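The following paragraphs lead the reader through selected features of one protein structure.

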Amino acid sequence: MSLWLIALCLGAGCLIGFLGGVLGIGGGMIAIPALVLLMGMSQQLAQGTALIMVLPTIMMAVRKYNQQTRIDRRVALAGAGGAVVFTWVGARLALGIDSSTLRLSFAVFLFFIALFYAWQTWRAGVAARSPKPAAGRAAPVFTPRRASVLGVLCGTLGGFFGVGGAVLAVPIITSVFRLPQTTAQALALCMVIPGSAVALVTYSWAGQAAWLVGLPLAAGSLLFVPVGVRLAYKLPERKLRACFAAMLFATVALLAFES
């Protein structure tokens with residue numbers, strides 16, 4: 001691997017780490033289509049390589065989120081416990097299907113998540129302009145038991161797509177349990193840490209992880225995650241959700257272009 005390619009991976013990792021810190025997604029959704037498009041990797045190899053970068057980046061992001069607002073450890077641990085075994089199941093399923101089918105499935109999944117976020121952002125804007133806030137039922141409490149159920153779903157998707165568990169968890173936590181965006185991002189990232197480790201081992205064991213590419217990406221990403229997390233706490237919540245939706249739509253466009 002040449003020095004210029006290592007330097008390019010470091011630079012790309014810095015950008016991905018910054019965006020991942022702002023949006024609470026670990027950066028994998030940005031890295032996967034980029035690896036397929038720019039380096040010609042199969043979908044499975046791109047997912048496994050992205051996990052090399054994603055795992056340490058998520059751990060750094062969680063640490064920085066926890067410094068801003070203390071994370072409910074009982075809820076986070078329950079969600080992580082629910083995700084672990086099912087992440088392995090999802091990863092094994094992904095390794096057994098055609099790369100183009102997996103890439104299309106990834107694009108469809110992200111498209112619907114992006115639509116949900118766009119709708120949620122629009123609804124928040126309408127509510128802000130309304131002279132009288134609409135009365136509604138109190139939100140259910142996000143208990144450890146509910147977190148473990150969500151962890152099962154997120155773990156399966158996270159293993160299947162290499163990333164995505166946190167992407168699904170965040171809109172559920174914000175819309176169903178009505179927790180703030182940054183709190184949801186912190187909890188979702190906590191929930192996927194053990195599962196991401198399981199997925200990385202599974203992809204690596206199958207030979208679907210390029211460590212010489214993933215390690216420089218991880219090094220660059222770790223440098224800029226703290227900057228992204230600090231910005232996340234300064235942005236208005238509605239704007240943060242809009243940025244999240246825009247990033248998902250951009251990723252879908254990249255995947256469509258790859259096809």
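**Helix packing and a pocket**

Helix H3 (residues 43-68) packs against helix H8 (residues 181-205) at an angle of about 140 degrees, and their axes are 8 Å apart. Helices are DSSP runs of H or I with at least four residues, numbered from the N terminus; axes are lines fitted to C-alpha atoms over the stretch in contact, and angles run from 0 to 180 degrees between N-to-C directions. H3 and H8 are therefore oblique to each other, since angles under 35 degrees count as roughly parallel, over 145 as roughly antiparallel, 65 to 115 as roughly perpendicular and the rest as oblique. Contact (heavy atoms within 4.5 Å) involves, among others, Gln44, Leu51 and Tyr65 of H3 and Thr182, Leu189 and Tyr203 of H8. The residues of this contact comprise 17 nonpolar, six polar and no charged; Ala, Val, Leu, Ile, Met, Phe, Trp, Tyr, Cys and Pro count as nonpolar, Asp, Glu, Lys and Arg as charged, and the others, Gly among them, as polar.

This is a predicted model, in which local features need pLDDT of at least 70 and side-chain atom pairs count only at pLDDT 80 or more, while totals for chains, interfaces and linings use all residues. Residues are numbered from 1 along each chain as its sequence is written, and side-chain values use heavy atoms, with hydrogens and water left out.

H3 also packs against helix H9 (residues 211-234), at an angle of about 25 degrees with axes 8 Å apart. That angle makes H3 roughly parallel to H9. Their contact holds 17 nonpolar, five polar and two charged residues.

Helix H6 (residues 144-161) and helix H7 (residues 165-175) pack at about 145 degrees, with their axes 7 Å apart. Here Leu150, Leu153, Cys154, Leu157 and Gly158 in H6 meet Gly165, Leu168, Ala169, Ile172 and Ile173 in H7. Eight of these residues are nonpolar, two are polar and none is charged.

Attention now turns to a pocket. The second largest pocket is lined by 13 residues, with Ala12, Ala34, Leu35, Leu38 and Leu217 nearest its centre. Helix H1 (3-23) and helix H2 (28-39) are the elements that give two or more residues to this lining. The lining of the second largest pocket has 13 nonpolar, no polar and no charged residues. A pocket is, on a 1 Å grid over the protein atoms alone, an open set of points where a 1.4 Å probe fits, with protein on both sides within 12 Å along at least five of seven lines; lining residues have an atom within 4 Å of a point.
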